[in-house]
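Please open the model in your viewer and keep the selection panel at hand.

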Protein chains: 2
Amino acid sequence: MSTFPTIGILGGGQLGRMSALAALRLGFDVHTLSPSPAAPVEGIGHAHVGDWTDMNVLERFVERCDVITVESEWAPADRAEEVAAGRIPVYPSGNTLHTIRHKGRQKNALRSAGIPVADYVCCHSLDEAHDAARSFGFPVLLKKFEGSYDGYGNATAYASEDIGPAWDALAADDGLLVEAFIPFRRELAIVVVRSASGAHVTYPAVHTIQQDHRCHAVLAPAPIASATAARVVELARRAAEAVHAVGLLGVELFELEDGSILVNELAPRPHNTGHFSIEACHTSQFENHVRSVSGWPLGDPSLRVPAAAMVNILGHRSGMAGTTGLREAMAVPGASIHIYGKREVRPKRKMGHVTVTASTTEAALKLAEEAAAHVQL
Amino acid sequence: MSTFPTIGILGGGQLGRMSALAALRLGFDVHTLSPSPAAPVEGIGHAHVGDWTDMNVLERFVERCDVITVESEWAPADRAEEVAAGRIPVYPSGNTLHTIRHKGRQKNALRSAGIPVADYVCCHSLDEAHDAARSFGFPVLLKKFEGSYDGYGNATAYASEDIGPAWDALAADDGLLVEAFIPFRRELAIVVVRSASGAHVTYPAVHTIQQDHRCHAVLAPAPIASATAARVVELARRAAEAVHAVGLLGVELFELEDGSILVNELAPRPHNTGHFSIEACHTSQFENHVRSVSGWPLGDPSLRVPAAAMVNILGHRSGMAGTTGLREAMAVPGASIHIYGKREVRPKRKMGHVTVTASTTEAALKLAEEAAAHVQL
């Protein structure tokens with residue numbers, strides 16, 4: 001008679017929160033560890049606060065768990081692995097996170113695996129950045145190697161004189177990434193789930209709509225040809241293998257005007273573009289996160305509805321979160337509202353999301369937009 | 001700027017657990033109060049253990065909450081009301097629970113409201129029970145006024161000599177209920193949601209399949225004519241009004257061979273026959289429980305899928321719960337498995353459930369049965 005497993009999650013944000021809720025539903029026990037008090041996981045499982053780079057803190061955490069996973073590529077999986085070695089697994093591995101969180105290493109891993117990506121150069125000096133920009137032609141993107149996300153840590157250079165200031169702002173000791181600008185037809189994303197055994201499933205590819213460099217809305221399924229969808233699945237699986245992902249891998253891609261696909265970026269965890277799966281798929285990405293890292297059979301990721309749309313609820317101001325507009329949002333028919341429990345709101349901070357399922361993505365998006373627009377936390 | 005409400009739930013079983021999970025998703029805070037340590041709500045919100053009939057315990061609980069509700073008709077809502085009077089609401093009211101938990105009072109309330117029920121007599125003596133049985137004709141059902149559920153506290157008398165032993169086993173100070181046996185075509189159920197404002201919505205009527213006097217499976221939608229479904233909705237709404245329900249009301253009904261409908265039994269809380277709504281409806285019964293008692297707009301109870309089936313996972317033995325068969329169940333495609341976190345298993349105890357959504361109830365039931373049969377906690 002086996003007892004229910006205890007899953008440990010490094011991190012206490014909304015991805016940890018929704019993973020913990022999925023684990024609880026399966027009867028699993030959940031412990032989370034965050035470096036500072038993290039409201040999204042408070043009151044969900046056992047939320048620990050401590051220096052997650054401290055070996056003693058990690059030792060106490062490891063002792064409570066049967067497996068450890070992360071909700072962020074910035075979690076110290078490498079240190080957890082050191083502490084847990086020979087006792088319990090840590091998925092994804094420190095190596096996978098090491099590769100993914102540095103945009104240069106990530107691109108190199110993808111290119112080495114023969115996966116098409118936009119042209120890029122890891123530039124170690126300003127001169128190299130100028131050279132790369134000239135060779136690609138303007139505009140080019142300059143990206144911090146580590147810590148760029150949601151429009152932070154990126155710059156677009158439209159001409160040579162933009163390179164210097166971007167370098168000053170973004171270059172680390174080892175430089176920065178210069179990337180060719182890709183005119184695309186649409187942005188796509190897909191979540192791959194991969195077990196340590198190599199078993200894997202993929203969620204339906206989705207169309208992501210960005211606003212202000214942030215994910216605004218997700219439409220499932222993406223309005224793409226079946227050959228394109230098959231290509232997206234193939235590239236995503238190869239990407240997961242290239243970085244030895246175990247658990248979830250969110251893969252962002254570009255569909256170009258000629259129908260070809262480039263991989264843009266990877267995230268080794270539940271992904272904002274997979275939130276729709278809570279309502280729309282037989283098994284949510286969060287449940288498959290739990291199942292995959294725990295070595296349990298993977299759940300069916302297919303849609304149980306014809307279509308779904310997800311719209312993020314972002315902060316509009318700074319201060320304590322309130323409930324302005326929540327009542328109006330709840331009155332929108334079919335709106336599934338998720339609020340992450342963050343006590344402080346900041347402009348553009350991800351505070352929640354709304355999913356609607358319907359017979360078409362257009363109908364779902366209209367209602368999800370309407371509900372999300374009401375909420376001004 | 002309003003802050004997020006805190007909902008207090010009297011009770012710590014699976015219905016409290018799933019209500020708490022729904023409340024957390026909306027960003028609400030949750031406190032539960034149980035008279036003994038209740039594993040299903042441990043680690044979900046704030047789980048308090050204390051004598052819930054003690055005014056001091058209730059006072060401390062009321063202080064933390066903005067509204068109080070129950071997960072069971074046996075919760076002391078009347079005492080909570082006394083403590084909370086003039087400060088926060090308690091829904092459903094002590095009066096509603098008082099009416100519903102006594103089968104005689106419940107039937108009287110339904111009959112007074114003109115709602116069709118099986119013939120019954122509240123019998124205060126053994127002679128009255130014999131008289132009632134003779135007037136209805138055998139078989140008749142004898143039911144404890146309070147505390148009968150899931151096959152406990154009921155007896156079927158096939159002949160006069162069965163009445164005496166049943167009386168000895170089941171009669172309380174005020175006697176017991178004798179009810180005519182109703183040959184029915186099928187058993188139906190429906191969940192009504194009603195706000196204090198009088199706003200209400202109803203879930204799709206479902207077909208319930210009993211085994212051994214317990215809910216075994218639920219099929220949504222029920223395979224009934226639209227006029228029958230409309231009649232079920234009408235009777236359920238009238239029943240909710242008859243007992244002044246605020247929050248959820250689970251209504252069990254009989255469809256007779258001639259297509260007419262009788263109301264069998266009421267439960268003033270989330271109902272086992274509504275669990276399918278977590279996956280299958282735009283708003284789950286648990287979320288509407290939270291919304292309705294908190295005075296928030298009610299969510300859309302309609303199906304987001306063509307069909308769904310739910311099968312209960314019951315205990316098969318006595319001892320500590322383990323995970324035997326859970327792995328195999330998880331491998332059944334499309335199975336959404338809910339485990340309630342009860343540490344002890346007993347024969348026939350409700351330990352969890354499985355829901356499957358599909359294009360037909362038959363296809364969904366086949367998979368749900370398969371998954372549930374694997375699990376031998």
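This is a predicted model: local features need pLDDT of at least 70, side-chain atom pairs count only at pLDDT 80 or more; totals for chains, interfaces and linings use all residues.

Helix 6 covers residues 126-136 and helix 7 covers residues 163-170 of chain B, and the two pack at an angle of about 130° with their axes 10 Å apart. Looking along the pair, you will find that helix 6 of chain B passes helix 7 of chain B in a right-handed crossing.

Next, show the side chains at this crossing: from helix 6 of chain B, select B:Leu126, B:Ala129, B:His130 and B:Ala133, which meet B:Ile163, B:Gly164 and B:Trp167 of helix 7 of chain B. The residues of this contact comprise five nonpolar and two polar ones, with no charged residue among them.

Now display both chains together. Chain A is superposed on chain B by a rotation of 180° with 0.0 Å of shift along the axis, at an RMSD of 0.0 Å, and the two copies are thus related as by a two-fold rotation axis. To find that axis from chain A, select A:Ile44, whose C-alpha is the nearest to it in that chain, at 2.5 Å.

Finally, select the interface, where 35 residues of chain A are in contact with 35 residues of chain B. On the chain A side, the elements giving two or more residues are helix 1 (14-25), helix 11 (326-330), strand 17 (336-339) and strand 19 (350-358). That side divides into 14 nonpolar, 16 polar and five charged residues. Since 100% of the interface residues of chain A are also interface residues in chain B, the copies meet through the same surface.

Key
Residues are numbered from 1 along each chain as its sequence is written. Chains are lettered from A and ligands numbered from 1 in the order in which they are written. Axes are lines fitted to C-alpha atoms, for helices over the stretch in contact, and angles run from 0 to 180 degrees between N-to-C directions. Helices (H or I, at least four residues) and strands (E, at least two) are DSSP runs, numbered from the N terminus. A crossing is left-handed if the near helix is turned anticlockwise from the far one by less than a right angle, and right-handed if clockwise. Two residues are in contact if their C-beta atoms, placed from the backbone, lie within 7 Å. Ala, Val, Leu, Ile, Met, Phe, Trp, Tyr, Cys and Pro count as nonpolar, Asp, Glu, Lys and Arg as charged, and the others, Gly among them, as polar. Copies are superposed by least squares on the C-alpha atoms of residues with pLDDT of at least 70 in both.
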